[in-house]
Amino acid sequence: MTNIEITPEDRFQADSTSRNAEPIFAVLQDLLPTSGTVLEVASGSGEHGAIYAPRLPHLKWQPSDKDPKALKSIEAWRLHSSTANLLPAVEIDLLQFSQQSVPAMEDVSAMVNANMIHISPWQAGKNLLALAQSVLPSGAPLFLYGPYRRGGEHTAQSNVQFDDWLKSQDNSWGVRNLEDVIAAALECSLEFEEIIDMPANNYSVIFRRI
Ligand SMILES: C[S@@+](CC[C@H](N)C(=O)[O-])C[C@H]1O[C@@H](n2cnc3c(N)ncnc32)[C@H](O)[C@@H]1O
């Protein structure tokens, strides 16, 4: 994000982020390591980093997204928060993922991704897992947040409607089956560790790099 003019108006707020920021933080504060860099993929507005980085001064928070508008918002939130351990966003488009496309990043010790794998093609989700395999050291956590089907079934009627809406936007989107994510993760040397019930029929899903 160099040579692009950023104004306070570039900072946008996502209602869902305001609702989920604290429940997610309650999980992250016990999960994240004591040092290194947290790579957040698909940061969206950038509010999570702006809220969490000041509370995690022992870590660096590295936001990213593929969308130019999101990248501007992330940068605007970073400037607004003026938190030294919140790093300038890097551009990561998971659909363009290859080992060569991973931006240079220091010392990634955890990866976080919220509300993306159902709002993107399944290939983006699989590439998220491949990215985690590529950047995480053995023992490091991957944290996912969002709705999931379990055993092929939706876990709430509201998620049935949400899934229909997602597919009406793009038929490659949709609420993923947890077991498919776990199987794809294992192919990327990521072992399923825990699933935690979250508000509004969402889940935190934690993997660990083997
Ligand atoms: C619903 S927003 C979630 C934002 C944020 N993580 C949150 O929970 O508030 C989904 C984000 O995924 C990003 N995204 C979608 N497809 C992507 C891809 N192929 N690579 C990287 N990011 C992607 C979008 O640009 C968007 O910012």
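I call a residue buried if 20 or more other C-beta atoms, placed from the backbone, lie within 10 Å of its own. By that count, 42% of the 210 residues of the protein chain are buried.

This is a predicted model, so I noted the limits: local features need pLDDT of at least 70, side-chain atom pairs count only at pLDDT 80 or more, and totals for chains, interfaces and linings use all residues. Residues are numbered from 1 along each chain as its sequence is written.

Fold next. I found six helices and eight strands in the protein chain, taken as DSSP runs (H or I, at least four residues; E, at least two) numbered from the N terminus. From the N terminus on, the order reads α-β-α-β-β-α-β-β-α-β-α-α-β-β. The C-alpha trace spans about 45 × 35 × 35 Å along its principal axes.

Then the core. I took a nonpolar core as buried Ala, Val, Leu, Ile, Met, Phe, Trp, Tyr and Cys residues joined through C-beta atoms within 7 Å. The largest has 52 residues, and Met111, Leu128, Ala132 and Leu142 touch the most other members. Helix H4 (residues 122-135) gives the most to this core, seven residues.

I looked up Met111. Contact here means C-beta atoms, placed from the backbone, within 7 Å. Neighbours within four places in sequence aside, Met111 is in contact with Leu39, Val41, Ala132, Val135, Leu136 and Leu142.

Last, the ligand. I counted a residue as near if its C-beta atom, placed from the backbone, lies within 6 Å. The ligand has 20 residues around it, the closest being Ala42, Gly44, Leu94, Ala114 and Ser120.

Definitions and conventions:
Buried ≥ 20, exposed ≤ 12 C-beta atoms within 10 Å, placed from the backbone. Contact = placed C-beta atoms within 7 Å.
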